[in-house]
Amino acid sequence: MIRKRKLTTWEKLLFFYSAPIVKFQYYVTMYLLFLGIFIYSLIFARPNTDDQHIQTGDWMTGSRYSPYEIYLLLYVLSTIPIEIIQIADQVPKTIRMKLWQYLQDFFNILDVLGIICFLAGFIVKAFGDPSFIIPVSGSFNVHNTHHLLMILSFLTYCLRLIQMFRMHSNMGPKIIMIQKMMIDLFFFIFLMVIFMVSYGVCAQALMNPNQGMHNPDSTKTNGQ
């Protein structure tokens, strides 16, 4: 007769946190925390603007980055080994075919774009002015390029939430239905664009028949 022993507290915790549902909930919680800090970093975090190197903003003293951006960097770097493991676990034998199979998934493409945009923005920011305040009006430069790259990275990570919602019993089927309806929706939008463009051209031609192309405030005259 096999005698059953009671599990220790450590073994109970190990079995609990090793359960797939607990791992998924932990992953979703940390991902939402990551997005929340990302939002704060993009919108609310401000640089130190004083001349005496006193901590008046969210950036670390003598640094071009805030602690929130350092946390975001560590999180993004921690996802790179996961993506490498996913590539290595693909069925094909050659690296080229593994990459091709890996990139067939739309969400894997989002992961790659998010990582590249974030790391590029983080590196570009190192060449900017620590006291420069975003946004910058005018043309692209080193001061606002990193901000735009961070925004693109945030956008890709937000779209990544769709994959998590697909696992939900109620939202998952609806997302799949929307995905299958995208082709029909495209043709519907194409028909709408035809009517909107034709109406817009006719309305503009009737209301502003003498409006110039390069200067909308001017009117063109006969012979010019």
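Biologist: What should I know about the model and the numbering?

Modeller: This is a predicted model: local features need pLDDT of at least 70, side-chain atom pairs count only at pLDDT 80 or more, and totals for chains, interfaces and linings use all residues. Residues are numbered from 1 along each chain as its sequence is written, and side-chain values use heavy atoms, with hydrogens and water left out.

Biologist: Back to S153. Which helix is the place of S153?

Modeller: S153 sits in helix α6. Helices here are DSSP runs of H or I with at least four residues, strands are runs of E with at least two, and both are numbered from the N terminus.

Biologist: And what is S153 in contact with, leaving aside neighbours within four places in sequence?

Modeller: F38, G114, C117 and F118. Contact means heavy atoms within 4.5 Å.

Biologist: F118 then. What does F118 contact, with the neighbours within four places left aside?

Modeller: F118 is in contact with F38, E69, L72, L73, V76, M150 and S153.

Biologist: Which residues have the most contacts inside the largest nonpolar core?

Modeller: Y31, F34, L35, F38, F118 and Y157, in a core of 20 residues. A nonpolar core is a set of buried Ala, Val, Leu, Ile, Met, Phe, Trp, Tyr and Cys residues joined through side-chain atoms within 4.5 Å.

Biologist: Which elements give two or more residues to this core?

Modeller: α2 (20–43), α3 (67–88), α5 (106–125), α6 (142–159) and α7 (161–165). The largest share, 7 residues, comes from α2.

Biologist: Zoom out. How many helices and strands are there?

Modeller: The chain has 8 helices and 0 strands. Buried residues make up 26% of its 224 residues.

Biologist: What about contacts between residues at least 6 apart in sequence?

Modeller: Of those, 56% join residues at least 24 apart.

Biologist: Now helix packing. At what angle do α3 and α5 cross?

Modeller: Roughly 140°, and their axes come within 10 Å. Axes are lines fitted to C-alpha atoms, for helices over the stretch in contact, and angles run from 0 to 180 degrees between N-to-C directions. That makes α3 oblique to α5. Angles under 35 degrees count as roughly parallel, over 145 as roughly antiparallel, 65 to 115 as roughly perpendicular and the rest as oblique.

Biologist: How do α2 and α3 pack?

Modeller: Their angle is about 140°, with the axes 10 Å apart. So α2 is oblique to α3. Contacting residues include Y31, F34 and F38 of α2, plus Y68, L72 and V76 of α3.

Biologist: And α3 with α4?

Modeller: Helix α4 covers residues 95–102. α3 and α4 pack at about 110°, with axes 8 Å apart, so the two helices are roughly perpendicular to each other. E83, Q86, I87 and A88 in α3 meet K98, L99 and Y102 in α4.

Biologist: Last one. Is I84 buried or exposed?

Modeller: I84 counts as exposed, because its relative accessibility is 51%. I84 is found in helix α3. Its C-alpha atom is separated by 9.9 Å from that of Y102, 18 residues apart along the chain.

Note on methods
Buried means under 20% relative accessible area, exposed over 50%, partly exposed in between (1.4 Å probe, protein chains only).
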